[in-house]
Amino acid sequence: MKGRWLCLTGAFLASAAWAAAPLPGDSIYQLPLELTLQDGAQASLGTLRGRPVVLTMFYASCDGVCPIIALSMRRMEAALSTAQRERLRWVMVSFDPARDTPGSLREFAANNHLEAPGWWLARADEAGVRNLAAVLGIRYRKLPGGAFSHSTEIILLDGEGVIRARTSNLNQLDAGFMQVLGKELTR
Amino acid sequence: MRWPEAAPPRSVRRARPIEAMRTATFSHAWLLGVATAAVAADSASIGAGRFESAVPPAQGVATVEVAAFDLDTKPVTNAQFLAFVRTHRSWRRDHVSRLFADAEYLSHWRSATAFGAAARPSQPVTHVSWFAAKAYCEARGARLPTWYEWEYVAAADGTTPDARGNPLWRQAILDWYAHPSAQPLADVGRAPNYYGVFDLHGLIWEWVLDFNALLVSNDSREQGGADRARFCGEGALSTVDREHYAVLMRIAFLSSLEAAYTTANLGFRCARGER
């Protein structure tokens, strides 16, 4: 029991030291951004630090390309080993602060089979969405009816929040992207 | 990134000062019976209005509504931006993170805290990223104008709110695009337009809040095979009126930017008001 506590304390100290180290200059985790997740929990973007992340932007009422983005990410997930999957987080941030709530995000997750523990579906406020899209180089535009027109990109972040790969190929696994992802997971 | 340097047109049309003062604000203030100076010295109040944008909001929707807002009459200058970085150290060029500004950020200044002899105080500040421009405006309790706000005010010439049908107006803008220049930028405040706003054309490119909303086609959410997503704006461009060509050049430039980019001819001004 005592050994276990020591071990936990050690892990805590190690993670505290990790968090204190400065982020690389091109890390997107420098962006102050508060997310609300599908279970209602609050998390800042920076809490993703420490593990590679596959990230995209979408909105829950999007019935065109967004389910295809989700499908593409699941295809990536399926191509990984269980051990690799456990090291990775999948994050989808909504363009639509006006309409997306934890409830609508949960519904999208259920409809698209994104309910494994590693998946974050998240909303942010309007300024946060704009900033995140800006650091990711994602284009989006709100249409008069409330829908969004947006570029479709799946982005790989390393454990420090630096962009390592991106793909907009939703038809099949992007071999180049998967190769970089594999490399990040063996670090 | 590099973009062709553009020079101001050779001859700048001077607006008659009386015309320049005839802003929408005056009639608005009159209706409200408010006896206040509605136009601050450095900011013009733009009344609500509607216009046909070069970037239609959606297929079959041509008209854009613009709510009332205030717009800086002039672009932010070197002197103003220097005062900002002196009080907001994280935006000095030796402190700023690469995520928020590229390596050319404020590179025309002599040092991180002085612009030196190579730049004049009243020149528009350039070599600023979108993040830096946004931070400057937010520090003033303002924001960047949206594209539609900018386009709406920039449609004016010295005497009319919408000069876009005027071939001379278009030609003056295209001439500016066409002139490569090694000349230093002119000081801000060359000639006011109908709203009393200066330098929207012929001096610099300007950041807008939603620069990354431009050139996304209206049907990209429908597309299934997605590898053309990033370029689908090309379709949007081909459908618009030839008269918008001068403005579309600017849109094409803005849409080529990333938020951390800086260039020698790209500056900004701030706006205020609910969107």
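In these legends Ala, Val, Leu, Ile, Met, Phe, Trp, Tyr, Cys and Pro count as nonpolar, Asp, Glu, Lys and Arg as charged, and the others, Gly among them, as polar. The model shown is predicted.

**Figure 1. Lining of the second largest cavity, with residues of chain A.** Helix α2 of chain A, residues 66–78, gives the largest share of the lining, three residues.

**Figure 2. The largest pocket, with lining residues from chains A and B.** The volume of the largest pocket is about 810 Å³. Its lining counts 29 residues, and those nearest the pocket centre are K142(A), T146(B), Y148(B), D210(B) and R275(B). Two or more lining residues come from each of α5 (126–136) and β6 (140–142) in chain A, and from each of β3 (63–66) and α5 (147–154) in chain B. The largest share, four residues, belongs to β3(B). The lining of the largest pocket divides into 18 nonpolar, three polar and eight charged residues.

**Figure 3. Helix α5 of chain B, one of the elements that line the largest pocket.** Eight of the eight residues of α5(B) are buried, so the helix is largely enclosed by the rest of the structure. The buried residues of α5(B) are W147(B), Y148(B), E149(B), W150(B), E151(B), Y152(B), V153(B) and A154(B). Of these, Y148(B) is also among the residues that lie nearest the centre of the largest pocket.

**Figure 4. Helix α8 of chain B, residues 245–255.** In this helix eight of the 11 residues are buried, so α8(B) is largely enclosed by the rest of the structure. The buried residues are A246(B), V247(B), L248(B), R250(B), I251(B), F253(B), L254(B) and S255(B).

Figure 5. The relative accessible area of R49(A) is 16%, and the residue counts as buried because the cut-off is under 20%. The side chain of R49(A) makes a polar contact of 2.9 Å with the side chain of E160(A).

Figure 6. Six helices and nine strands form the secondary structure of chain A. Of its 187 residues, 51% are buried. Chain A has an accessible surface of about 8300 Å², and carbon and sulfur atoms account for 57% of that surface. Among contacts in chain A between residues at least 6 apart in sequence, those joining residues at least 24 apart make up 69%.

Figure 7. Chain B contains eight helices and seven strands. Buried residues amount to 53% of its 275 residues. The accessible surface of chain B is about 12600 Å², with 55% belonging to carbon and sulfur atoms. For contacts in chain B with a separation of 6 or more, 76% are between residues 24 or more positions apart.

Key. Residues are numbered from 1 along each chain as its sequence is written. Chains are lettered from A and ligands numbered from 1 in the order in which they are written. This is a predicted model: local features need pLDDT of at least 70, side-chain atom pairs count only at pLDDT 80 or more; totals for chains, interfaces and linings use all residues. Side-chain values use heavy atoms; hydrogens and water are left out. Buried means under 20% relative accessible area, exposed over 50%, partly exposed in between (1.4 Å probe, protein chains only). Contact means heavy atoms within 4.5 Å. Accessible areas come from the Shrake-Rupley method with a 1.4 Å probe; for residues, only the protein chains shown count as cover. A polar contact is a pair of N or O atoms within 3.5 Å; within protein, one must be able to donate a hydrogen and the other to accept it, and residues adjacent in sequence count only if both atoms are side-chain atoms. On a 1 Å grid over the protein atoms alone, a cavity is a set of points where a 1.4 Å probe fits but cannot get out, and a pocket is an open set with protein on both sides within 12 Å along at least five of seven lines; lining residues have an atom within 4 Å of a point. Grid points are joined across faces, edges and corners, and a volume is the space filled by probe spheres set on the points.
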